[in-house]
Amino acid sequence: MGNVLIFAEHQHRKFPKSTLVAITAGKEAAKLTGGECYAAVLGKGIDDLASEVAEYGVKKVFAVDDPTLEHYLSGCYAAAVAQIVKEKGIDILLATATAAGKDLLPRVAGLLGAGMVSEIVAINADGTFQRPTYAGSAMATVAVEGSPKVVSVRATAFDPAAKGGSKAEVEKVTASIDAAAKAATFVSFNETKSDRPVLTEARTIVSGGRGLKSAENFKNVLEPLVDMLGAAMGATRAAVDAGFVPNDLQVGQTGKVVAPELYIAVGISGAIQHLAGMKDSKVIVAINKDEEAPIFQVADYGLVADLFKALPELKEEITKLKH
Amino acid sequence: MKILVTVKRVPDPNAAIKVKPDGTGIITENLKYVINPFDEIALEEALRLKSAAGGAEVVLVSVGAKTSSEQLRTGLAMGADRAILVLAEQELDSLVVARILQKIVQDEKPDLVLLGKQAIDDDANQAGQMLAALLGWPQATCASKAEGLESENEKKGIPGIVLSGGTGAQVAREVDGGLETIQVPLPAVVTADLRLNTPRYASLPGIMKARKKELKEIPVASLGVDITPKVKVLKLEPPSKREAGRKIGSVQELVQLLHTEAKVI
């Protein structure tokens with residue numbers, strides 16, 4: 001007993017890093033419970049994807065290939081995932097807390113009458129979980145009783161799984177999705193076009209706060225540095241609220257949680273809400289003219305300076321370095 | 001048309017939260033409480049849908065201790081019509097809250113339930129989706145304003161959720177990498193993200209009027225719902241502290257250190 005099922009989310013017919021993170025967490029959970037680790041892949045025409053996920057050292061892959069699953073929609077997806085959990089004797093359903101993961105897992109938990117713990121950062125030896133709460137002001141130890149349980153994982157908390165071991169068997173599952181579950185329909189997807197790396201997968205992130213003062217300054221002062229470093233651009237909730245940048249750039253408890261190799265915080269005071277989303281970054285640089293700003297309490301390298309002077313200079317110095 | 005909006009009492013997001021030394025909770029002395037900011041956005045949306053539709057009833061519901069009536073009064077002052085407080089002093093998990101809300105929905109029969117996408121205390125982001133599952137209703141989470149908060153529509157107070165003739169709703173959702181639009185038939189559950197609207201403040205006349213509006217208290221025991229939580233917080237601890245590094249004197253020095261010491265550029 002104690003079998004684990006990973007919901008293997010795919011985007012643009014690929015498995016993003018967040019899915020590989022879920023596989024690692026799922027294997028860890030299975031090791032603790034002494035059960036097997038399975039993966040579920042849902043979609044339309046997904047033979048290749050099911051076959052790919054089978055290479056990551058899971059015991060078996062359940063593939064649900066159905067035209068109604070072409071676009072992710074919570075109703076159909078939740079019905080199919082709940083069916084697998086029930087039919088295959090799953091104890092722990094697990095996925096990364098991406099937009100789809102956050103939308104889907106609680107709905108499945110509702111269908112199953114299961115307890116759910118959100119955005120865990122660790123699994124303890126006794127089967128309890130660690131998760132940040134109060135916008136990162138507290139770390140909670142949480143127990144989930146009963147079976148099945150539903151768990152979402154914070155994308156930065158586990159390393160992505162690598163391919164290896166023998167290839168798992170792929171078992172096709174036919175989902176019975178009733179009319180009510182199909183009630184919602186997909187209308188359109190307005191993709192944020194960007195040549196930059198995705199925030200949650202970037203090696204380097206340059207983020208701006210209210211100190212940037214305007215949307216124009218994000219464009220003319222911050223973006224040149226972002227592009228020169230091949231970085232992703234982030235922002236604080238304050239900068240989003242002020243309308244400088246769209247919300248999908250928001251780093252923080254209510255935005256994206258990131259942990260890049262290098263995080264450069266520009267004109268960011270360091271509200272707890274923001275720190276919760278980036279304090280696990282490997283190296284943090286803060287540039288702020290207020291030397292009392294809380295961001296300096298988490299920064300490895302702090303530069304007390306006017307960003308409008310420091311940023312062009314920074315760009316120049318890095319150019320020198322590269323030549 | 002009837003819209004049910006959830007209102008959770010949470011600590012002020014700007015307050016510094018400290019964990020009790022014994023790990024049983026947070027220090028609540030002198031803590032200011034507010035409506036969960038995402039619920040406030042949900043309520044603003046309901047009020048806008050009401051004026052756009054030329055009338056609707058906006059009913060608030062909160063689950064918690066008697067003190068939650070403060071937040072319900074604030075919601076009534078913003079413009080909601082009446083409020084329900086399900087009195088529950090004990091610890092609940094999201095599934096229990098969803099079951100309680102399910103009961104309220106079965107009694108009230110709203111066309112739309114609006115919730116904040118998450119509460120800023122436990123940051124679970126579960127109750128709305130669980131409620132939709134229990135009811136067998138469609139859900140649209142993380143509703144946003146397709147045109148953005150700088151748009152003319154926002155300035156005019158036009159809702160982001162587009163109702164089609166009282167039978168369906170079109171919702172733009174914030175997802176990874178962009179904005180997805182879905183159509184859901186009513187009744188449905190919608191949860192509000194940050195960029196759906198900018199909530200109004202309660203006006204003085206609104207506050208005066210709110211005193212006379214109905215705020216009905218229901219003991220949770222009278223609902224006949226299983227309120228045993230499956231999820232239990234065993235302990236709270238202060239988060240691990242990251243050590244502050246050092247202050248660097250110049251940009252030149254910073255770049256050198258990032259190159260030779262941290263080896264990140």
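**A buried strand and its surroundings**

Modeller: Val113(B) has Val189(B), a residue of β11(B), as its bridge partner. This is a predicted model, in which local features need pLDDT of at least 70 and side-chain atom pairs count only at pLDDT 80 or more, while totals for chains, interfaces and linings use all residues. Residues are numbered from 1 along each chain as its sequence is written, and chains are lettered from A and ligands numbered from 1 in the order in which they are written.

The strand in question is β6(B), residues 112–116; strands (E, at least two residues) and helices (H or I, at least four) are DSSP runs numbered from the N terminus. β6(B) pairs with β11(B), residues 188–192, in the parallel sense over five bridges, where pairing requires that DSSP find at least two bridges between two strands. Strand β1(B), residues 2–6, also runs parallel to β6(B), joined to it by three bridges. There, Val113(B) is the bridge partner of Leu4(B).

Five of the five residues of β6(B) are buried, so the strand is largely enclosed by the rest of the structure. A buried residue has 20 or more other C-beta atoms, placed from the backbone, within 10 Å of its own; 12 or fewer make it exposed, and values in between partly exposed. In a regular strand, side chains alternate between the two faces of the sheet. In β6(B), Leu112(B), Leu114(B) and Gly116(B) are buried on one side, and Val113(B) and Leu115(B) on the other.

Chain B also meets chain A, in a contact that takes 67 residues from chain B and 72 from chain A, with two residues in contact if their C-beta atoms, placed from the backbone, lie within 7 Å. Elements giving two or more residues to the chain B side include α3 (94–108), β9 (168–175), β10 (178–185) and β13 (231–237). The largest share, eight residues, comes from β10(B). Across the boundary, β8(A), residues 138–144, pairs with β13(B) in the antiparallel sense over six bridges, and Val142(A) stands opposite Val233(B).

Chain A itself has eight helices and 16 strands. Its C-alpha atoms fill a box of roughly 60 × 40 × 40 Å along the principal axes. Of its 323 residues, 59% count as buried. In chain A, residues 24 or more positions apart account for 67% of the contacts with a separation of 6 or more.
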